[in-house]
Amino acid sequence: SGWQSSMIRFLQQDNKVVKIMFGVIIGAAVVSMVIYLVPGLMTDDSSGTDASVYATVHAPGLMGRLFGESTPIPSAEVTRLAQQQLRQNKYPDFLLPYMMNRAGQILVQRAILKQEADRLHLQVSNEDLRRELSTGPFAQYLFPGGKFIGNDAYINFIQEAIGQDQSIASFESQVKEDMELQRLQALITGGVTVSDSAVREAYRVQGTKVKFDYAVVSSEDLKKTINPSDADLQTWFKGNAAKYANAVPETRKIEYAAFDASKLPGGKQPVSDADVQAYYASHAAQYKTDEQVKTRHILINSRAGADAQTDAAAKAKAQDVLKQVQAGGNFAELAKKYSDDPGSKDTGGELPLIPTAQLDPAYAKAAMALNPGQTSGLVKSAFGYHIIQTEQKQVAGTKPLAEVKDSIVQMLEQQKQGAAEQQLAQQLAVEAKKNGLDKTAAAHGLHTVTTDYLAKDGVVGGLSDAKDLLAQAFATDKGAAPGTVSTGDGYAVFQVVDVKAAHAPDFVEYKSHILDDYREQKLPQLLEQETRKLDDRAKVLNDLKKAAAEMKIPVKSSDLVGQDGQVTDLGSMSGPGKVAFDLAKGAISGPINAGQTGVVLTVTDKQEPSADDMAKNFDQMREQLLNAQRDQIFRVFLGTLSQQYQNGGGIKLAKQPAAPGGVPAGS
């Protein structure tokens with residue numbers, strides 16, 4: 001809801017907090033990146049049956065199996081991480097099984113690294129942890145001004161930043177593990193160095209910008225020039241017979257008789273008051289209503305963990321706004337002017353009707369204590385100071401039967417109608433098996449329809465939904481007993497009259513498709529030839545524009561772009577167009593394959609970073625190169641270590657139940 005979104009914006013407003021929290025939840029960033037190094041890591045088919053454990057990790061070899069510490073990977077933790085990554089990447093729910101495997105690899109590799117760090121005695125003490133929390137990235141939130149915020153605020157910070165299921169113990173354990181893995185990474189990569197000349201060269205390359213003219217050989221234009229004779233096309237068609245062996249898909253001729261509710265004996269199925277009462281009583285939970293409240297509010301931010309001075313300033317500002325409200329000020333206009341809730345301020349602070357269980361407890365209590373039209377004083381929540389105006393209240397209870405009777409009657413009528421239609425369809429199928437479909441249909445005032453030969457994705461005229469009919473027809477043998485199927489607005493009884501197997505097409509009938517395929521096969525070679533021809537001519541003339549004009553090829557001009565730029569018909573400048581940065585001004589490139597186009601370019605301007613820019617960014621560039629090398633070295637280290645555990649039997653996967661089909665609602 002809009003309210004829930006506004007309640008978590010305090011995290012979104014401070015990117016540093018988000019990065020810290022993400023680091024705690026996922027672990028050291030490098031660990032999540034290197035999972036791709038060991039594609040076979042999770043292929044062990046163990047016979048474990050404990051559904052609560054995804055995998056166990058112990059030191060490789062016999063000694064590790066007998067005497068080594070075993071680390072279980074809880075299935076719940078794998079699921080939680082997979083669902084979190086699904087949401088963060090905005091992936092569809094059906095990718096959850098893939099994300100489960102990915103999350104499992106991350107957690108298994110963390111366990112491997114933890115065991116290696118323990119073996120090297122890199123454990124983090126409680127004193128190390130205290131020092132990290134009081135002086136590291138968390139200090140500004142947990143120790144503002146050098147003073148601890150207190151246990152209540154500490155718990156509040158953890159639960160709001162990470163999750164309601166997090167305790168101080170679990171949070172601190174995770175931070176200690178991250179610190180230990182970072183120590184291991186520092187130990188493995190501590191000897192990495194980068195020379196000054198390498199830093200300067202890397203910055204020069206990264207900071208260089210170019211402008212160029214480029215001639216574009218179009219695939220679409222070239223394709224139109226590929227016009228083989230019928231004889232050539234037939235020769236190619238015969239030479240690719242295997243490709244076309246089943247090019248014409250299987251088709252089926254279907255006979256069916258369809259009906260809707262108007263054909264039911266006895267007409268509309270009646271629903272009695274007793275039917276309604278019985279349904280209402282057996283579905284009581286369906287008609288329960290939550291306590292809900294509709295409000296407007298003005299929020300003055302004072303985030304959890306704010307120091308006393310910041311909180312006092314927020315409270316004073318809120319008090320001033322409250323005085324304006326109490327003096328008769330327009331609540332909606334004051335919300336637009338002062339409220340810190342971006343989810344509601346533009347609508348005058350208005351929130352929809354929301355179950356109070358989804359609201360901050362203090363906010364919900366204050367809102368329900370007001371009568372519609374009344375305004376509160378200052379209300380302190382985990383997000384700051386609110387001024388609340390209640391507009392509508394709804395107490396918890398059960399909707400009366402009179403209120404829901406019409407919807408129950410409509411639903412029961414549909415159920416009875418559906419059951420009657422299904423019963424009639426089954427009766428017709430039995431009769432058709434004995435007497436034939438035509439006679440059976442006629443006996444019941446229906447008529448049969450015989451389709452043309454249809455493919456699986458064909459269209460059946462006269463039916464609102466023929467998807468199920470086609471699906472079942474393609475799963476039924478020719479001449480099999482009549483079947484029944486829903487048609488969206490009724491049922492049909494059907495038989496498969498004939499089947500034409502998939503087969504090779506006739507050349508004349510399929511000629512246009514064959515020509516398309518021929519062109520697609522010949523196009524890459526022709527594109528390469530034309531681009532090379534253009535390039536050769538441009539270099540002979542020492543003039544790209546003149547060569548392009550001779551060949552009637554268009555020439556375009558780029559903007560001044562760096563390696564992070566995009567150029568039309570060439571794509572990313574970190575891709576094929578990257579060659580432009582290595583050319584001198586006025587030089588002509590070689591042929592460039594840009595996928596759907598062939599390109600030849602000539603540099604018209606080139607700007608390298610100045611000495612001042614180099615000096616200002618030298619340290620940052622050095623750190624960037626160091627981090628890249630550290631990452632590469634650590635990837636190799638973890639890949640080798642993981643393979644040792646895999647080969648030595650140190651990873652045992654439990655047999656897992658099927659992954660859930662989606663993310664739980666509200667997660």
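## A residue to start from

Is E333 buried, partly exposed or exposed, and what is its relative accessible area? E333 is partly exposed, at 46%. Buried here means under 20% relative accessible area, exposed over 50%, and partly exposed in between (1.4 Å probe, protein chains only).

This is a predicted model: local features need pLDDT of at least 70, side-chain atom pairs count only at pLDDT 80 or more, and totals for chains, interfaces and linings use all residues. Residues are numbered from 1 along each chain as its sequence is written, and side-chain values use heavy atoms, with hydrogens and water left out.

## Overall make-up

The protein has 24 helices and 19 strands. Helices (H or I, at least four residues) and strands (E, at least two) are DSSP runs, numbered from the N terminus. Of the 667 residues, 40% are buried.

## Salt bridges within helices

The structure holds 31 salt bridges. Each pairs a side-chain nitrogen of Lys or Arg with a carboxyl oxygen of Asp or Glu within 4 Å.

E333 bridges to K336 at 3.9 Å, N to O. The two sit 3 residues apart in helix α17 (residues 331-338), about one helical turn. K336 is partly exposed, at 39%. An α-helix has 3.6 residues a turn, so residues three or four places apart point the same way.

In helix α24 (residues 611-647), R635 and D631 are 4 residues apart. Their side chains form a salt bridge at 2.9 Å, N to O. R635 is partly exposed at 25%, whereas D631 is buried at 17%. Elsewhere, shared partners link E127, D128, R130, R131 and R183 into one salt-bridge network.
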